[in-house]
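Morning, everyone. Please bring the structure up on your screens, and keep the sequence beside it.

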Amino acid sequence: MPEGISWSELAVDSARVQEVNDAPFPSGQRDFVLYWCMVNHRWEENHALDAAIALGNHLGLPVVVYQALRPDYPFASERLHAWALEGMADMARGCAARGLPYWLELPRTAKEHKPRIAKLGKRAAAIVSDLFPTYIIPGHLQGAAKALHVPLFAVDASCVVPMQRIPAAQVGAYALRPKLRKLWPEYLEQTLPPRKVKASGAHLQPDFELADPVKARAALHTFAVDHSVKPLDEMGGRKAGLKALRAFLDERLEGYEEGRNDPGLGQQSNLSPYWHWGNLFAGEAARAAIAAKGKEHPAVQSFLEELLVRRELGFNFCFHTPGPRQLTVDSLPPWARETLSRHAKDPRPHLYSYEQLAQGRTEDALWNASQKELRERGRIHNYLRMLWGKKILEWSPTPQEALDRIHRLNDTYAVDGRDPASVSNFMWILGLHDRPFQERAVIGKVRPMSSLRTAEKFDLGPYLERWGEPTTAPGEEPKQAAKAAPKKPRRPQRKAAR
Ligand SMILES: Cc1cc2nc3c(=O)[nH]c(=O)nc-3n(C[C@H](O)[C@H](O)[C@H](O)COP(=O)(O)OP(=O)(O)OC[C@H]3O[C@@H](n4cnc5c(N)ncnc54)[C@H](O)[C@@H]3O)c2cc1C
């Protein structure tokens with residue numbers, strides 16, 4: 001922190017804060033401290049906003065919350081815009097309730113977009129934003145750092161244990177887990193009460209026209225985004241996120257440890273988009289699950305493993321891997337690189353084009369169904385998402401092309417995509433955070449998964465009924481296997497592939 005103020009004096013955990021530039025505080029009078037919200041679309045349980053308020057209070061300045069949604073971000077679509085705008089409508093209400101001016105810009109075309117941060121930086125004493133180690137966020141921060149002459153801080157409001165507390169990339173969940181568990185007593189049950197905003201910003205005016213997220217949501221067709229990827233029925237935003245969390249805790253947490261893996265049961269939390277868009281903080285969900293059943297309950301243990309260990313493993317990988325290297329086979333563990341390279345020229349059993357994959361026109365009915373789920377529900381059931389990625393690896397001309405296709409398909413349709421959990425899982429398909437298995441053609445020693453085995457393991461009837469194509473020709477392997485799988489009594493559930 002410039003000029004001798006320390007974050008701990010302001011009761012802010014310095015492990016959450018990254019200094020993005022080394023500019024000093026400006027000498028003259030400024031209007032506000034700016035919270036430039038890019039990721040964490042929430043006004044409560046938000047460590048970045050809290051740090052901005054702490055700084056504003058210390059400097060005797062109001063805090064302004066600024067958001068902008070350009071139409072030309074990678075994978076921009078009606079689906080993603082709708083989710084963002086629903087969250088922004090909540091933000092407008094939530095910020096108003098906390099006495100925070102909320103300044104929103106929504107250019108409809110790339111041409112309409114005006115670079116704003118440098119200008120706002122001339123009115124601000126400091127800017128606080130979100131620390132998010134993938135997608136376009138690190139690039140935006142670096143660009144802003146060059147343009148600004150005031151301090152720019154990025155604050156980790158995504159992870160329960162701040163990313164900076166884990167000093168290096170971890171080889172797998174087994175390496176990260178004990179480190180996190182050691183730190184949980186400090187973080188897991190820590191709350192973030194709303195800090196009082198001391199200086200009012202009611203008199204402040206932006207030098208641009210404020211956008212209305214509700215009107216924009218009703219006029220998605222006017223934005224220059226991909227109109228073929230339609231909004232989901234599910235709502236984005238904090239209000240919907242809190243409701244979805246309550247429904248999960250009340251209706252599906254019991255039995256989650258067994259049920260989450262079974263595609264037919266629908267017992268998973270379905271909460272991943274709400275973390276991705278920062279509508280919810282993972283810590284508040286962890287605390288709520290603990291409060292509901294106790295920390296030692298097997299369902300709670302299982303939920304914490306997914307939400308705090310697997311998810312934060314993704315952040316750990318991205319935080320310690322520079323952006324351009326995050327989605328390359330060069331960043332795989334050496335054993336995975338070697339084995340994939342040794343099998344690079346093996347004949348592939350099927351080679352599908354990107355379009356065939358996107359339309360779900362392969363010979364594997366279960367894969368086609370999961371692709372349909374991705375297109376229409378904006379994500380895939382966790383177990384089948386692994387199978388979905390593994391088959392793309394088998395069906396692509398090279399491992400790098402497989403990675404590019406997984407990335408493009410997932411991030412085009414998935415409402416929880418473009419996330420550290422996306423990146424680490426795409427890479428997991430090719431061996432990241434995993435171990436070698438028995439060697440096979442094409443995929444070498446990378447963990448295999450098959451539709452047939454999946455159909456033997458679960459009763460896929462309900463899943464295929466919902467997502468399968470009625471037009472699928474009879475006699476295809478997965479559907480046959482699904483039909484053959486006993487429906488009652490249910491098999492005892494086995495562990496997922498990981
Ligand atoms: C090829 C592939 C692509 C994936 N793409 C994404 C993605 O774009 N965005 C995304 O959030 N997750 C992704 N995942 C991870 C996982 O599939 C989803 O997080 C999970 O299915 C989301 O459903 P849920 O919220 O019901 O999770 P639950 O099963 O209820 O788990 C609770 C939470 O734990 C976290 N979690 C669960 N499994 C994982 C995992 N394997 N890795 C990291 N975090 C996990 C998520 O935050 C999730 O919401 C991907 C996995 C694979 C194999």
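Let's start with one pair of side chains. Arg405 forms a salt bridge with Glu401, and their closest N and O atoms are 3.4 Å apart. Keep in mind that this is a predicted model. Where do Arg405 and Glu401 lie? Both are in helix α16, residues 399-413. They sit four residues apart, about one turn of the helix.

Is Arg405 buried or exposed? Arg405 has a relative accessible area of 8%. The cut-off for buried is under 20%, so Arg405 is buried. Glu401 comes out at 32%, so Glu401 is partly exposed.

Side chains of opposite charge can pair when their charged atoms come close.

How many salt bridges does a search of the whole structure find? The search finds 26 salt bridges. I will pick out a few.

Next pair, please. The side chains of Arg379 and Glu234 meet in a salt bridge, 2.8 Å from N to O. This pair links distant parts of the chain, 145 residues apart. Arg379 is in the loop between α14 (365-377) and α15 (382-395). Glu234 is in the loop between α6 (213-217) and α7 (238-251). Arg379 has a relative accessible area of 2%, so Arg379 counts as buried. Glu234 is at 27%, so Glu234 is partly exposed.

Salt bridges link Glu44, Arg238 and Glu284.

One more pair. Arg70 and Asp72 meet through their side chains in a salt bridge, at 3.0 Å from N to O. Arg70 is partly exposed, with a relative accessible area of 32%. Asp72 is also partly exposed, at 35%.

Hold on to Arg70, and let's turn to a pocket. Rolling a probe the size of a water molecule over the atoms shows where empty space is left. The second largest pocket has a volume of about 740 Å³. Which residues lie nearest its centre? They are Met38, Ala68, Arg70, Ile136 and His140. So we meet Arg70 again, because Arg70 is part of the salt bridge with Asp72 and is partly exposed. In total, 31 residues line this pocket. The elements that give two or more residues to the lining are β3 (63-68), α2 (78-97), α3 (117-123) and α4 (137-147). Which element gives the largest share of the lining? That is α4, with five residues. By class, the lining has 20 nonpolar, six polar and five charged residues.

β3 and β4 pair in the parallel sense, over four bridges. The chain crosses from β3 through α2 to β4. This β-α-β crossover is right-handed. Look along β4, residues 102-105. Tyr102 and Leu104 point one way, Trp103 and Glu105 the other way. Buried or exposed? All are buried, Glu105 included.

On to β6, residues 152-155. Leu152 and Ala154 point one way, while Phe153 and Val155 point the other way. All of these are buried. β6 has two partners to look at here. Strand β5, residues 124-130, pairs with β6 in the parallel sense over four bridges. Ile127 has Leu152 as its bridge partner in β6. From β5 the chain crosses through α4 to β6, and this β-α-β crossover is right-handed. Strand β1, residues 17-19, pairs with β6 in the antiparallel sense over three bridges. Val17 has Val155 as its bridge partner.

Two histidines to finish. His47 lies in helix α1, residues 47-59. At 10% relative accessibility, His47 counts as buried. His47 and Cys318 are 271 residues apart in sequence. In space, their C-alpha atoms are 20 Å apart.

The other is His343, in the loop between α12 (334-342) and α13 (354-359). His343 is at 11% relative accessibility, so His343 counts as buried. His343 and Glu355 are twelve residues apart along the chain. How far apart are their C-alpha atoms? They are separated by 25 Å.

That's my tour. Thank you.

Note on methods: Residues numbered from 1 in each chain as written. Predicted model: local features only at pLDDT ≥ 70, side-chain atom pairs only at ≥ 80, totals over all residues. Heavy atoms only, no water. 1 Å grid on protein atoms, 1.4 Å probe; cavity = no way out; pocket = protein on both sides within 12 Å on 5 of 7 lines; lining within 4 Å. Points joined across faces, edges and corners; volume = space filled by probe spheres on them. Nonpolar A, V, L, I, M, F, W, Y, C, P; charged D, E, K, R; others polar. Buried < 20%, exposed > 50% of the residue type's maximum accessible area, 1.4 Å probe, protein only. Pairing = 2+ DSSP bridges. Right-handed = clockwise from strand over helix to strand, strands pointing away. Salt bridge = Lys/Arg side-chain N within 4 Å of Asp/Glu carboxyl O.
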